[in-house]
Amino acid sequence: MGAAGLKVENSLKIALLEKASEQAVALLHTPMGEDQFIQYFQAIHAQMAAMHGYVVPLSQDNTEQIAELLKAIAASLESLHLSYEEMQTSLEASQVIEEELLEHSDQLLAERQRYYDLFQFSPDAYLLTDANGLILEANAAARKLLNIRQNP
């Protein structure tokens, strides 16, 4: 292959690398779940495979191009590392939030049970009504006073 053909081939490979880089950067700047991270990783892998295919046929005269490719590989690996750190940070934050929500939920359930017990076992008769005065619920004292059974 002549010098002109090699330049065209190299230009096409560089264009492929740039496209893969753009895809990887676009994926990096979007919120990622596990599937999106896998896609991002695959884009990095494709970019590295394209770089490998580009570096192998280069002669020693093309050291500048090799240096640029190595910088591109390093940048790809760095962005992959940053994505991993972001995912780990998000995972840790999610776990903390989940723990706090579970704790809060447990507190609310305990509090609800406490007030339910206060309502049900109060020695005073209590009725729970809607805005029209329709009785929705009666505690044990009210049921005893009105001589009604508790609904199952």
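Predicted model: local features only at pLDDT ≥ 70, side-chain atom pairs only at ≥ 80, totals over all residues.
I started at Asn-139, whose side chain reaches the backbone nitrogen of Tyr-126 at 2.9 Å. I count that as a polar contact, meaning N or O atoms within 3.5 Å, where within protein one must be able to donate a hydrogen and the other to accept it, and residues adjacent in sequence count only if both atoms are side-chain atoms.

Residues are numbered from 1 along each chain as its sequence is written, and side-chain values use heavy atoms, with hydrogens and water left out.

Back to Asn-139: I find it in the loop between S2 and H4. Helices (H or I, at least four residues) and strands (E, at least two) are DSSP runs, numbered from the N terminus. Buried or exposed, I asked of Asn-139? Asn-139 counts as buried because its relative accessibility is 0%; the cut-offs are under 20% relative accessible area for buried, over 50% for exposed and partly exposed in between, with a 1.4 Å probe and protein chains only. I listed the contacts of Asn-139 (heavy atoms within 4.5 Å). Leaving aside neighbours within four places in sequence, Asn-139 touches Phe-119, Gln-120, Ser-122, Asp-124, Ala-125 and Tyr-126.

Next I looked at Arg-143, which sits in helix H4 (residues 140-146). Arg-143 counts as buried because its relative accessibility is 12%. What I do see is a polar atom of the Arg-143 side chain 2.5 Å from the backbone oxygen of Ala-138. Beyond four places in sequence, the contacts of Arg-143 are Gln-120, Ala-138, Ile-148, Arg-149 and Gln-150. I also checked Arg-143 against Tyr-126: their C-alpha atoms are separated by 9.0 Å, at 17 residues apart along the chain.

Past H4 I stopped at Asn-147, in the segment after that helix. Phi of Asn-147 is near 55°, a positive value in a residue other than glycine. Asn-147 is exposed because its relative accessible area is 70%.

Then the strand side. Ile-135 is in strand S2 (residues 135-138), and I score Ile-135 as partly exposed because its relative accessibility is 46%.

Last, the whole chain. I count 4 helices and 2 strands, running α-α-α-β-β-α from the N terminus. Of the 152 residues, 18% are buried. Among contacts with a separation of 6 or more, 37% join residues 24 or more positions apart.
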